[in-house]
There are 2 protein chains.
Amino acid sequence: MKIESVDFFYLKMPVIRDIGDGSQDALVVRVRSGDLTGWGECEASPLVSIANAVCPPSHSACRNIVEQVLGVEIKTPEDIAVLNQRVRARGMDIAQTVHTFSGVEIAIWDLLGKKREEPVFQLLGYDTAYPKTPYASLLFAETPDKTYEAARKVQSQGFRAVKFGWGGYGRGTVENDRDQVHAAREGIGLDGTLLVDAGTVWGEDVEAARQRLAALEEVRVTWLEEPFIGNALHAYRELKGHCETIKLAAGEGSQDVFAARHLIDTGGVEFIQIDTGRVGGIVPAKIIADYALAKNVTFVNHTFTTHLALVASITPFAGVRSAEICEYPFEATELAKSLVIDPVVPVNGQIVLPEGPGLGVEPDLGTISEFLVEVEIKLDGKVLYRTPLV
Amino acid sequence: MKIESVDFFYLKMPVIRDIGDGSQDALVVRVRSGDLTGWGECEASPLVSIANAVCPPSHSACRNIVEQVLGVEIKTPEDIAVLNQRVRARGMDIAQTVHTFSGVEIAIWDLLGKKREEPVFQLLGYDTAYPKTPYASLLFAETPDKTYEAARKVQSQGFRAVKFGWGGYGRGTVENDRDQVHAAREGIGLDGTLLVDAGTVWGEDVEAARQRLAALEEVRVTWLEEPFIGNALHAYRELKGHCETIKLAAGEGSQDVFAARHLIDTGGVEFIQIDTGRVGGIVPAKIIADYALAKNVTFVNHTFTTHLALVASITPFAGVRSAEICEYPFEATELAKSLVIDPVVPVNGQIVLPEGPGLGVEPDLGTISEFLVEVEIKLDGKVLYRTPLV
């Protein structure tokens with residue numbers, strides 16, 4: 001099967017709010033071969049990644065994505081792994097390359113699954129996709145009272161696990177942060193799994209993070225996520241020394257297998273969170289899932305966007321029974337909610353991957369048309385790129 | 001001094017060859033405040049970084065560069081450090097952010113130096129810019145004979161140090177690689193400093209690299225650069241265990257202080273090579289220079305482009321007397337050679353930084369006009385970006 005076309009669709013909400021909600025726009029990728037169409041999504045700044053897809057070369061290790069992918073013959077999962085290596089090598093000096101290629105790679109997996117009439121998780125070697133317990137991802141509200149209300153609402157909808165993050169957490173006083181996490185615990189009840197995401201707010205300031213640990217452990221938070229910027233491994237390692245019951249989680253910014261390995265081996269995180277739409281696609285995410293399993297670390301998807309991204313990010317650890325929890329976008333925008341025709345909804349409080357073929361979800365072309373941003377890039381007056389027809 | 005404008009100029013050679021020559025295009029940045037103009041350069045894919053400079057926001061940590069910089073008040077070096085942190089935090093989820101901001105940050109340093117009528121190296125706290133011994137960076141030629149000729153030519157021009165890299169090195173047989181490095185040594189003579197850059201050719205394959213060590217040590221190569229992709233720290237560490245006289249060098253791909261620290265602390269490199277145009281500018285490069293000094297590791301600039309980039313990349317370690325060597329583009333394109341009015345040429349085989357104010361080199365506006373690519377980006381029919389007047 002030869003890749004005959006690669007197209008990008010930049011979707012966005014009419015208004016983008018200045019909050020940590022990653023579902024306000026999307027970059028959807030379509031690849032085609034003969035009668036078949038595969039779909040993927042980049043967790044990326046859409047315009048930057050479109051420029052990366054088509055940019056003129058700068059030199060032999062600074063070349064665009066589309067020219068590496070068009071015309072390539074894909075017959076097996078191994079062919080996708082080889083393509084992955086090639087795109088990285090040929091685009092090494094463009095920082096955006098991995099973000100952009102992620103969505104393309106996911107679309108190619110979808111295409112291969114459709115061609116072979118198998119779900120992608122089976123192409124990865126998993127017999128079964130085990131059900132996962134979804135946690136609802138929410139932003140901390142402006143006040144503890146509002147956070148309490150938000151937690152109540154999620155709990156009443158049957159979620160057994162909730163993650164609060166971003167908002168003002170970590171930016172104000174230790175006392176206010178304590179009130180916030182207590183409110184969250186009260187809202188979800190004693191039995192629920194509570195997770196907290198600090199959104200890298202403390203940079204590499206271990207002491208600032210350490211001051212919040214007592215309150216987090218009081219309310220039995222399972223993990224503290226991204227207290228520091230993703231690459232501050234020494235800070236993670238040092239904070240871990242102060243943790244009694246709580247574990248550290250990180251990894252959503254990982255752009256390759258190595259970054260995830262370093263977080264595990266040097267940083268000491270016990271939950272490794274991978275976004276298939278950023279790490280370079282399903283190939284590196286699966287390698288990380290295998291590595292985590294071998295190191296007794298729990299792999300978790302990072303997903304704050306659409307159900308296309310959700311399925312792509314659960315697939316790499318679908319068959320790992322011990323990795324029981326998955327991130328599940330709860331307050332996504334209209335765009336993200338309506339992107340696929342067949343969303344993945346919890347059944348008896350559990351998420352089960354569709355059985356394919358491919359990824360098993362199909363975009364709604366009406367949604368793509370409705371939220372589409374038409375992009376045109378000209379160099380010296382000549383059109384280099386124009387958004388294709390949906 | 002308030003930043004009143006930030007402009008980008010994409011320059012390129014008429015033909016881009018598919019070789020490892022990073023001087024075939026350039027992204028030059030101009031910032032203005034009142035009557036003053038500062039200049040910088042990104043080591044980046046120009047079109048991708050222009051998109052990054054102006055892209056619509058996706059969410060609170062996925063925002064463009066220009067909106068973070070325009071109108072900001074810069075009075076001191078500390079203000080630039082604060083801006084650096086802010087741009088990283090607000091652009092965290094756009095992989096290209098650091099590449100793009102690097103050139104902007106360099107231009108702001110140039111502007112501040114001009115405002116305060118001091119060279120940038122003094123703003124960094126160095127009293128003196130010590131002379132550096134430049135090494136000429138060349139690509140391995142197609143045959144050992146041609147590599148020998150190239151080495152002779154450089155040697156005859158007074159260079160005491162030469163680095164060969166890329167080309168076919170590491171892709172063919174061990175014997176051919178041995179012939180290449182022997183030819184390079186013969187060409188530069190017994191006294192010259194010889195360096196070899198493998199350009200990440202072995203991925204993370206330690207054995208492939210190990211097989212080349214004997215030949216490299218026979219001809220007394222000072223460092224082997226980038227045998228592996230920059231983040232494969234375990235491979236660097238393992239190869240180091242096989243090195244007798246040769247040292248490892250890496251770091252040009254570093255996008256933050258942490259990546260460089262990890263190469264030093266975990267990877268065991270003894271030369272840390274930083275490109276100010278990629279790492280986020282002069283602030284992080286100076287922090288790395290300080291860290292390297294404390295760890296007995298030698299800081300070296302990475303520069304394969306213009307003399308604007310050259311000065312910006314030497315500045316962070318200008319006052320470190322023990323870091324004696326600097327990379328110096330030798331076979332740059334016409335574009336790169338003619339970008340500044342006042343190139344930095346070796347005097348008695350040594351490079352001395354200009355005394356400022358600012359970076360002390362000024363772009364030739366004629367060169368910018370000659371090689372300029374006009375860029376226009378439209379979203380939904382409205383112009384988001386158009387190349388400004390030179």
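Tutor: Before we begin with this predicted model, one cut-off is needed: two strands count as paired if DSSP finds at least two bridges between them.

Student: With that rule in hand, how many bridges join β7(A) to strand β8 of chain A?

Tutor: Strand β8 covers residues 247-250 of chain A, and β7(A) and β8 run parallel. Pairing asks for at least two bridges, and the number that joins β7(A) to β8 is 3.

Student: What is the handedness of the unit that β7(A), helix α9 and β8(A) make?

Tutor: The helix in this unit, α9, spans residues 233-240 of chain A. Together with β7(A) and β8(A), helix α9 makes a β-α-β unit, and its hand is right-handed.

Student: Which residue of β7(A) is the bridge partner of L194(A)?

Tutor: Strand β6, residues 193-197 of chain A, pairs with β7(A) in the parallel sense over 3 bridges. The chain passes from β6(A) through helix α8 (residues 206-218) to β7(A) in a right-handed β-α-β crossover. Within β7(A), the bridge partner of L194(A) is V221(A).

Student: Why is strand β7 of chain A described as largely enclosed by the rest of the structure?

Tutor: A residue is called buried when its relative accessible area is under 20%. Strand β7 runs over residues 221-225 of chain A, and it is largely enclosed because the number of its 5 residues that are buried is 4.

Student: Turning to the two chains, what area do chain B and chain A bury between them?

Tutor: The contact involves 58 residues of chain B and 57 residues of chain A. Carbon and sulfur atoms account for 57% of the buried area, whose total is about 4,500 Å².

Student: Which residue of chain B meets the side chain of R63(A) in a salt bridge?

Tutor: Between chain B and chain A the count is 6 salt bridges, and the rule also finds 23 residue pairs in polar contact across this interface, with both residues at pLDDT 80 or more. Among the elements that give two or more residues to the side of chain B that touches chain A are α1 (46-54) and α10 (257-267) of chain B. For R63(A), the N to O distance is 2.9 Å, and the partner is D18(B).

Student: Is T97(B) buried or exposed?

Tutor: T97(B) lies in helix α4, residues 97-116 of chain B. Apart from neighbours within four places in sequence, T97(B) is in contact with N52(B), I65(B), V87(B) and G91(B). Its relative accessibility is 4%, so T97(B) counts as buried.

Technical notes: Residues are numbered from 1 along each chain as its sequence is written. Chains are lettered from A and ligands numbered from 1 in the order in which they are written. This is a predicted model: local features need pLDDT of at least 70, side-chain atom pairs count only at pLDDT 80 or more; totals for chains, interfaces and linings use all residues. Side-chain values use heavy atoms; hydrogens and water are left out. Buried means under 20% relative accessible area, exposed over 50%, partly exposed in between (1.4 Å probe, protein chains only). A crossover is right-handed if, with the strands pointing away from the viewer, the path from the first strand over the helix to the second runs clockwise. Contact means heavy atoms within 4.5 Å. Buried area is the accessible area (1.4 Å probe) that two parts lose on being put together, summed over both. A salt bridge is a side-chain nitrogen of Lys or Arg within 4 Å of a carboxyl oxygen of Asp or Glu. A polar contact is a pair of N or O atoms within 3.5 Å; within protein, one must be able to donate a hydrogen and the other to accept it, and residues adjacent in sequence count only if both atoms are side-chain atoms.
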